[in-house]
Amino acid sequence: MSESQIPSLAAEARDALGRGAARANRRGGRTPAVLYGGAEPPQSLTLDAEVLWRTFRRGRFTARLLDLDIGGKKLRVLPREVQLHPVTDRLLHVDFLRLTKDSKVRVPVPVQFVDQEDSPGLKRGGVLNVVRHEIEMICTATAIPERIVVSLANLDIGDSVHIGSVKLPEGVKPVIARNFTVASVVAPLKEEVVAPTAAAAVPAEGEVPAEGAAAVPGATPGAAPAAGAA
């Protein structure tokens, strides 16, 4: 993300603390927040609730860099912990982490699959089984990737693609050290054909068996003559 694409949010220092003060801020259209990390002590803040909500709604909130403008001083931050209202899902509180260019962060990065048309397994009707829709990565704060691109070229049915074969941006590595599976191509599910049961061949009461079919004991129509009958 370029510098021009990083959103800048205005923040104000918050002196009054506690639940009562936080509720008063929310009633006034402000969302309480805390800025922590680095060599400086934590700082209590408030932000415009509507502006912060619109930024949150863009998605990947805890993996996107932001600039906080606090009294004219801009600080590069990364949203970390977010508290949401249990009913309305509105933001109740946000924790921001101070960053420097050398700060290392752990962030979830979405996976994008490409080259489906070059997968012989998918061409033959195979199904893509996605094991990881996103992967948690370790990287510097200034090099958070927008996505991890995974190629499906040459994957046949039964083949898998592992993280070790995925080209990652420089300085980016997964949190999990082992060579885990990202996706695989599996055979399509076959519809099971249910064979007719024996009960289906038994005529219903009052039904005459088809020609050549064995009579069912106890059936009245077409029953064999009683012993001694003329």
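**Figure 1. Overview of the protein chain.** Of the 230 residues of the protein chain, 30% count as buried, where buried means under 20% relative accessible area, exposed means over 50%, and partly exposed lies in between (1.4 Å probe, protein chains only). This is a predicted model, in which local features need pLDDT of at least 70 and side-chain atom pairs count only at pLDDT 80 or more, while totals for chains, interfaces and linings use all residues. Residues are numbered from 1 along each chain as its sequence is written, and side-chain values use heavy atoms, with hydrogens and water left out. The chain has three helices and 13 strands; helices (H or I, at least four residues) and strands (E, at least two) are DSSP runs, numbered from the N terminus.

**Figure 2. Strand E7 and its pairing with E9 and E10****.** Strand E7 (residues 104–114) pairs with strand E9 (residues 134–140) in the antiparallel sense over seven bridges, and two strands are said to pair if DSSP finds at least two bridges between them. Within this pairing, Pro108 stands opposite Glu136 in E9. With strand E10 (residues 148–151), E7 pairs in the parallel sense over four bridges, and Ser151 in E10 is the bridge partner of Val114.

**Figure 3. The largest nonpolar core.** A nonpolar core is a set of buried Ala, Val, Leu, Ile, Met, Phe, Trp, Tyr and Cys residues joined through side-chain atoms within 4.5 Å. The largest one has 28 residues, and those with the most contacts inside it are Val105, Val107, Val150 and Val182. At least two residues of this core come from each of E7, E9, E10 and strand E13 (181–186), and the largest share, five residues, comes from E7. Not counting residues up to four places away in sequence, Val150 touches Val111, Gln112, Phe113, Val114, Val161, Val166 and Val182, a contact being heavy atoms within 4.5 Å.

**Figure 4. The aromatic cluster of Trp53, Phe56 and Phe61****.** Rings of Phe, Tyr and Trp (its six-membered ring) pair if their centres lie within 6.5 Å, and planes under 30 degrees apart count as stacked, over 60 as edge-to-face and the rest as tilted. Trp53 and Phe56 form a stacked pair, 5.6 Å centre to centre with 25° between the planes; because these residues are three apart in helix H2 (residues 49–57), about one helical turn separates them. Phe56 and Phe61 form an edge-to-face pair, 5.3 Å centre to centre with 70° between the planes. Trp53 is buried at a relative accessible area of 12%, Phe61 is buried at 6%, and Phe56 is partly exposed at 22%.
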